[in-house]
Amino acid sequence: MAVREILLYPDPRLKSPCQIVEKADGACDALIQDLVDTMYGAGHSVGVAAPQIGVPQRVAVVDVSASRQGRDNHHGLLTMINPIILQRSGTMTMREGCMSVPDYTGNVARAEEILVQFLDRNGRSRAIRCRGFEAVAVQHELDHLDGRLFLDRISSLKTDLFRRKKP
Amino acid sequence: MHHFSLTLIGQDRIGIVAQVTEILFRRGCNIADSSCTLLGGQFAMILIISHPSIDSVAGFGNAFAPLEAEGLAVSLRPLPPGGEQAPDLSGSLCLISVYGSDKPGIVYPVVKELGDRRINITDLNTKLVGTTQNPVYVMMIEVVLPPQISLEDLAGWMAALRSSLQVDISVRDITPVEL
């Protein structure tokens, strides 16, 4: 389908909560394809949420399988419609960056393990347990669906905001 | 736009930041980059400021005199052209934690090793913690490793320092993940 343009903060669409998808129809499938194309098109990205391409729907994709931090522990490509986190445990801190907030990164503490439930692209209800980097990526993308950016979650005061290395 | 570095430090009290930024605001200055923190009982502010027309320190007149009158040490310097721009820091970002019983000569040998290896320090904090009887020195150093240096290389050099300085040192990759 298409690599879509990633919205940048302060676009207000990044700070608005998204709507529940009522019907996983063809339009929803096209949206998922655009999210997947946009994620892989960016090269280094491991997740994109629908509001990042300007669509206010509760849809996100994650794939950490090609990343150094996630390649040993992942579920491959996750296409998530109306995802919710049912359980959280443990904490881990990673320095996160976001395509919608260029040039800044910050340490964010998140659950180390989560149980996330969603409808997948084929309309199947799934509940999977994610750990480590994949869990962090899912939580980061799901935050986008609630209009929340990692800047709202930065956890420590010092050495926090750092200009990301240029590609 | 003309850029300046502005540093201020003095006994901490409520209202320092408001007082400083009010002066800057009223003069039409922008705060381009800043880091402010409490060091011991002193509040320290480090800022890069800019102004569209003021192009010299003299141009600020006695703007900061009220701060100095209240005991803050103020230093203002013009930046050379381009001095406000961050360098292109490419490479892995690492955090080096150094800690151990307090004694003279912990900081210098560690940072000298880094300097000798041409490793750029991007952030450094030190703190004296522990008890009066057993003070513990903690130093956190953030560095950017040049492409030709691996985390293992750095860990190896730090391990040698761990023995010679009798402190604990750990090294870890904190390169940001893009989500």
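Two residues are in contact if their C-beta atoms, placed from the backbone, lie within 7 Å. By that rule, the contact between chains A and B takes 23 residues from chain A and 15 residues from chain B. The model is predicted. Strand 4 of chain A gives five residues to the side that touches chain B, the largest share.

**Where the chains meet**
- On chain A, the elements that give two or more residues to the side touching chain B are strand 4 (92-98) and helix 2 (132-145).
- That side of chain A holds seven nonpolar, eight polar and eight charged residues.
- Strand 4 of chain A is joined by two bridges to strand 9 (residues 177-178) of chain B.
- These two strands run parallel.
- G97(A) has E178(B), in strand 9 of chain B, as its bridge partner.

**Chain A**
- Chain A has two helices and seven strands.
- Read from the N terminus, its elements run α-β-β-β-β-β-β-β-α.
- The C-alpha trace of chain A spans about 45 × 30 × 25 Å along its principal axes.
- The radius of gyration of chain A is 15 Å, which agrees with the value near 15 Å for a compact globule with 167 residues.
- Of the 167 residues in chain A, 38% are buried.
- Take the contacts in chain A between residues at least 6 apart in sequence: 66% of them join residues at least 24 apart.

**Chain B**
- Chain B is divided into domain 1 (2-78) and domain 2 (92-173).
- The C-alpha centres of domain 1 and domain 2 of chain B lie 31 Å apart.

Notes:
Residues are numbered from 1 along each chain as its sequence is written. Chains are lettered from A and ligands numbered from 1 in the order in which they are written. This is a predicted model: local features need pLDDT of at least 70, side-chain atom pairs count only at pLDDT 80 or more; totals for chains, interfaces and linings use all residues. Helices (H or I, at least four residues) and strands (E, at least two) are DSSP runs, numbered from the N terminus. Ala, Val, Leu, Ile, Met, Phe, Trp, Tyr, Cys and Pro count as nonpolar, Asp, Glu, Lys and Arg as charged, and the others, Gly among them, as polar. Two strands pair if DSSP finds at least two bridges between them. Domain bounds come from an automatic or database domain assignment. The radius of gyration is taken over C-alpha atoms; the globule rule is 2.2 Å times the number of residues to the power 0.38. A residue is buried if 20 or more other C-beta atoms lie within 10 Å of its own, exposed if 12 or fewer, and partly exposed in between; C-beta atoms are placed from the backbone.
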